[in-house]
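Q: Could you help me learn to read helix packing, sheets and contacts in a structure? I would like the general idea and then the case at hand.

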Amino acid sequence: MNEEQIAPLAGIRVLELGNYIAAPTAGRLLADFGAEVIKVERPGTGDELRNWRLHKGTTSMLFRTINRNKKSVVLDLRTDAGRAAVIELVAHCDILVENFRPGTLERWGLGPEVLNEANPELVISRISAFGQTGPLASRPGFAAVAEAYGGLRELVGDSDRAPVRVGVSIGDSIAGIYAAFGAVMALFQRESRRGKRLPGSALEHRVIDVALHEAIFSIMESLVPDYEAYGVIRERVGGRVEGIAPSNAYICQDGASIVVAGNGDSIFQRYMGVVGRPDLAADPDLRSNAGRWARRDELDSAIGAWAAGRSSLEALAELDASGVPAGPIYTAADIATDEQYIARNMIQRVTVSTGEEELENIGFPGIVPVIGNESLPVRSLGPDLGAHTEEILSGLLNLTPDQILQACGGEEMVPR
């Protein structure tokens, strides 16, 4: 099955306004599955993500990853010409994605009502720290703040230390996934109404409002219901998950750690057999998860002693033979050479430019979810700044070179 046969969003055009990770993640997901995503960047610096974790050159691997399969157009939204070009582009697009602070587009004369005049079928997917409405709507905030406000930060780390952050901008990424999902839902509704010969959806039904803190809160499971129903306040429990045992990480003889999730009732019986503790398997108090959680320290001590007596490979082999879910704690080096990732085309090796030199055979993450047995191929990495400005502004909008220069704020269009 070739790539064109698995492009469910082929024919959809997206205009991406915004920096960093949230809106670009939404645009990436849409681009991965065939949409043409036009990424608008400011003159000179472009998306600030180009300089995040920049180890060499002028364009980071982070930018190349998050902005794959897109086209880069430079426009200066501080100018009348730049804003006019956005409105013209909107007339040719199905979706607009943005993650500016609420009110910013409106101040620029690019609010939803204006965009709707240019394209009455446009889906507008908006991402912000606290949403477009409510008492905190105007407050700025990055994912770190949203992760704390949404309840996640309070649960990450050990109970005797300050809360910590997970190692990625998970709030931005989750919000971006919701923004893409919301946009596709709105497109589905549009096509459904067309098929039924109904009028198009009202503007308020085509504006997708994603708040970073709400995206985090949505994955917090029963955090609030447990509190309101039972007065339960969840706490940080390190490598465990509260109320579930035994499920933790354990250090093996070779210094490597493994994760074992032996918390299912029947799995627990086999697990205790592997670690040489049939007495624990037979204990009636440990037949339910609640009983195991109450004695979690005892269980972890027994499992930890077992793990310390063998290498990580030996431990995993024994657990696997008994059907106990377990796995190694992977580093980037482990992932890059893992046969499971490779078998599903989740490590895709390409030549990439740092802006100063070409690096060959660099592994980049594949496309999720899989359609058709393995990851679709990444068509292109995040583009050089302004690489598609002339193609889009001249080819799609028929702007002259002078008009293009004005829209770019006088910036010479030299790809970076």
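A: Two packed helices are described by the angle between their axes and the distance between the axes. In this predicted model, the axes of helix H10 (residues 265-274) and helix H13 (residues 296-307) come within 10 Å and cross at roughly 45°. Helices here are DSSP runs of H or I with at least four residues, strands are runs of E with at least two, and both are numbered from the N terminus. Axes are lines fitted to C-alpha atoms, for helices over the stretch in contact, and angles run from 0 to 180 degrees between N-to-C directions.

Q: What word describes how H10 and H13 lie to each other?
A: They are oblique, therefore: under 35 degrees counts as roughly parallel, over 145 as roughly antiparallel, 65 to 115 as roughly perpendicular, and the rest as oblique.

Q: Which residues make the contact?
A: Phe268, Tyr271, Met272 and Val274 of H10 meet Leu299, Ile303 and Trp306 of H13, where contact means heavy atoms within 4.5 Å. By class, that is seven nonpolar, no polar and no charged residues. Ala, Val, Leu, Ile, Met, Phe, Trp, Tyr, Cys and Pro count as nonpolar, Asp, Glu, Lys and Arg as charged, and the others, Gly among them, as polar.

Q: At what angle do H1 and H7 pack?
A: Helix H1 (residues 22-32) and helix H7 (residues 170-195) pack at about 50°, with axes 7 Å apart, and that makes H1 oblique to H7. Residues in the contact include Ala26 and Leu29 of H1 and Gly176 and Val184 of H7. This contact has eight nonpolar, three polar and one charged residues.

Q: How should I read a sheet?
A: Strands of a sheet pair through backbone hydrogen bonds, either parallel or antiparallel. Here an open sheet of three strands runs in the order S7-S8-S9, with antiparallel pairing; two strands pair if DSSP finds at least two bridges between them. The edge strands, S7 (247-251) and S9 (326-328), each pair on one side only. Strand S8 (residues 257-261) joins S9 over three bridges, and Ile258 has Pro328 in S9 as its bridge partner. Helix H14 (residues 312-321) lies across S8 and S9, at about 15° to S8.

Q: What are the ground rules behind these values?
A: Residues are numbered from 1 along each chain as its sequence is written, and side-chain values use heavy atoms, leaving out hydrogens and water. Local features need pLDDT of at least 70 and side-chain atom pairs count only at pLDDT 80 or more, while totals for chains, interfaces and linings use all residues.
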